[in-house]
Amino acid sequence: MNLTAPVLAAIGKLLSGATMRWHECQPDTCQRVYFANHTSHLDALVLWSSLPGEIRDLTRPVAAKDYWSKGRVRPYIARCFNAILIDRDEVKVHQSPVDLMIREIGTKYSLIVFPEGRRNTEDDLQDFKSGLYYLSKKRPDLELVPVYIDNVNRVLPRGEFLPVPLLSCITVGAPMWLEPKENKFDFLQRARNAVRRLKDI
Amino acid sequence: MSPAALLPLFLAQVGPNIRLDPRTRILLGVVLGILATGYFVGRALRRQPESTANPAVIRTFNLRIRAWWMMFMVLIAGLILGYVSTVVLFGVISFWALREFITMTPTRRGDHRTLFWTFVIFTPLQYVLVGFGSYMYSVYTVMIPVYASLFIPARVAIAGDPKRFLERVAKIQAGLLICVYCLSHAPAILGLELTDATGTRWTIGTDAADNPIPGSNASVLFFFVLMVQLNDVFQYMWSHLLGKHVIAPQINASRTWEGFIGGALSTMLVGMLLSWATPFGLYWSGPIAGVVALAGFAGSMTMSGIKRDRGVKDYGTLVSGHAGVLDRIDSLCFAAPVFFHLTRFFFSTMA
């Protein structure tokens, strides 16, 4: 057990002053996929550190390999998170990100994913990438939990490197699953609306 | 002057001014007595059947009592630990209040660097300057209103986003001024060399060897915080008892002229009763308490105005379930500079 993880979590909490609101969902150690809007590099850290300790230990953020494997500090932080690094540029047939995620989580871990793919600078959510659909098609037992992260983009906007310690708010919504016979487009639309709906709660 | 030469001055400030002398202890005892009574009354009220009292009022009452417990406990802890820790403590409160203020007011991407300066440079710097005591008065009294206020628009301009420029600048300036600059005048009281109304050093009797005992600044700070908080309670109380004429229904529906006047008069009365804890004497402690009440009232109204503009009820609800720091200290922020300057001008040797 290394000490960096709790310290990192404490820093994340302090920096973002995040309030966690479990809206139609309770914290649980069952296998889940938390999917959230993506506006800042800090999103993963803030969401991950706002989870209760025992859930945090079982939750692995999915992050971009090209960003998190550069330099010395980033890979170290990624290891503390227990992050799963995904190659965004090179998607191989037998090594698809979804397969990698499923292999890595086994029957124990939960995931944090940002289905928008890239950080968003617009007010509205971007369209979701299809990974979430394939993930839940291959593992229909995973609970898909929508999360809306508010204000973290003001703590550390895109292109800035110094964070401003404002207060942010994380809202967790009701779990959802892939319905039988639901097609990809409908499912992704429904997932996106589930996140967007939390904005106004 | 080199930093090394400043150190003795700094240490001199830490010394005797904030002793918890017998009078301060009596004042503390009174406060803790009131709070303990409030706590037990609150508990008793909570056990009452719902028909006899409005549960929302009781809940507010209990929350307020709890907030005051925390406030006074923290203040006492700070005073026991010394001048520097009290200043640090108020610095942390300022920081948190500013955080709530800026979180609530929308800023744009271009303001990010300016906000970083505001949080990481100006806020700590103000409290470091106050930490050096009244020696630095001429610096900490202009740093934010002049230099930070000029820096902020310049930095926003350099960031290159002209949209709603004046509005964005004003928001950051107002936040810094109210949450940081104004509040920093409360711990600054501890740095004053207090005199009584005639201009001689404030003493409270003599010790066994016939040496005069100087009064403690801690009790003056305590007096101030107590006056502001009691004024809030009295206004609330009088509004409930007699309130008919609401001052500005769109800004705050619960503030009435009756509450305001009754509150200010009650605060003046209590201020006179507690004049022994201050260098003001019986005649001046009343008016000073009255001015504090007026400024505190102005602070609550202003913050209500900002909150209504942003469409939130409490700063805290934006963040979590309970009322935030800024809701508790709004009146303190406005009253602090007024009280500080009155005390400094009339009741201290202006070093």
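## Strand β7 and its partners in chain A

In this predicted model, Thr19(A) has Cys169(A) as its bridge partner in strand β7 of chain A. The pairing to which these two residues belong joins strand β1 (residues 19-22) of chain A to β7(A) through four bridges, and the two strands run parallel. β7(A) also pairs with β6(A), in this case in the antiparallel sense, again over four bridges. Within β7(A), Thr171(A) stands opposite Tyr148(A). As background, the strands of a sheet pair through backbone hydrogen bonds, in either a parallel or an antiparallel manner.

The residues of β7(A), which spans residues 169-172, point in two directions. Cys169(A) and Thr171(A) point one way, Ile170(A) and Val172(A) point the other way, and all of them are buried. This arrangement may be compared with a general rule. In a regular strand, side chains alternate between the two faces of the sheet.

## The seven-stranded sheet

The strands described above belong to an open sheet of seven strands in chain A, with the order β1-β7-β6-β2-β5-β3-β4 and mixed pairing. The edge strands are β1 and β4 (84-86) of chain A, each of which pairs on one side only. From one strand to the next, the twist averages 25°.

Further along the order, strand β2 (residues 32-36) of chain A is joined to β6(A) by five bridges, and these two strands run parallel. Phe35(A) has Pro146(A) as its bridge partner in β6(A).

## Two residues with positive phi

Asn151(A) is found in the loop between β6 (143-150) and α8 (152-155) of chain A. Although Asn151(A) is not a glycine, its phi is positive, at about 80°. Is this residue buried or exposed? Asn151(A) counts as buried because it has 21 C-beta neighbours inside 10 Å, and the threshold for a buried residue is 20 or more.

## The contact between the chains

Chain A contributes 11 residues to the contact, and chain B contributes 12 residues. On the side of chain A that touches chain B, six residues are nonpolar, three are polar and two are charged.

## The two domains of chain B

Chain B is divided into domain 1, covering residues 82-191, and domain 2, covering residues 197-351. The C-alpha centres of these two domains of chain B lie 22 Å apart. Their contact takes 19 residues from domain 1 of chain B and 22 residues from domain 2 of chain B.

Which elements give two or more residues to the side of domain 1 of chain B that touches domain 2 of chain B? They are α4 (83-104), α8 and α9 (185-188) of chain B. The largest share of this side, seven residues, comes from α4(B). By residue type, the side of domain 1 of chain B that touches domain 2 of chain B divides into 14 nonpolar, four polar and one charged.

## Helices α8 and α13 of chain B

The axes of α8(B) and helix α13 (residues 325-347) of chain B come within 8 Å and cross at roughly 65°. The crossing in which α8(B) passes α13(B) is left-handed.

From α8(B), the residues Ile178(B), Cys179(B) and Cys182(B) take part in the contact, and they meet Cys333(B), Phe334(B), Ala336(B) and Pro337(B) in α13(B). The residues of this contact divide into seven nonpolar, no polar and no charged.

## The surroundings of Val130 in chain B

Val130(B) is located in helix α5 (residues 112-131) of chain B. Val130(B) counts as buried because 26 C-beta neighbours lie inside 10 Å.

Val130(B) is also placed beside residues from other parts of the sequence. Leaving aside neighbours within four places in sequence, Val130(B) is in contact with Val87(B), Tyr140(B), Ser184(B), Pro187(B) and Ala188(B).

Terms used: Residues are numbered from 1 along each chain as its sequence is written. Chains are lettered from A and ligands numbered from 1 in the order in which they are written. This is a predicted model: local features need pLDDT of at least 70, side-chain atom pairs count only at pLDDT 80 or more; totals for chains, interfaces and linings use all residues. A residue is buried if 20 or more other C-beta atoms lie within 10 Å of its own, exposed if 12 or fewer, and partly exposed in between; C-beta atoms are placed from the backbone. Two residues are in contact if their C-beta atoms, placed from the backbone, lie within 7 Å. Ala, Val, Leu, Ile, Met, Phe, Trp, Tyr, Cys and Pro count as nonpolar, Asp, Glu, Lys and Arg as charged, and the others, Gly among them, as polar. Domain bounds come from an automatic or database domain assignment. Axes are lines fitted to C-alpha atoms, for helices over the stretch in contact, and angles run from 0 to 180 degrees between N-to-C directions. A crossing is left-handed if the near helix is turned anticlockwise from the far one by less than a right angle, and right-handed if clockwise. Two strands pair if DSSP finds at least two bridges between them.
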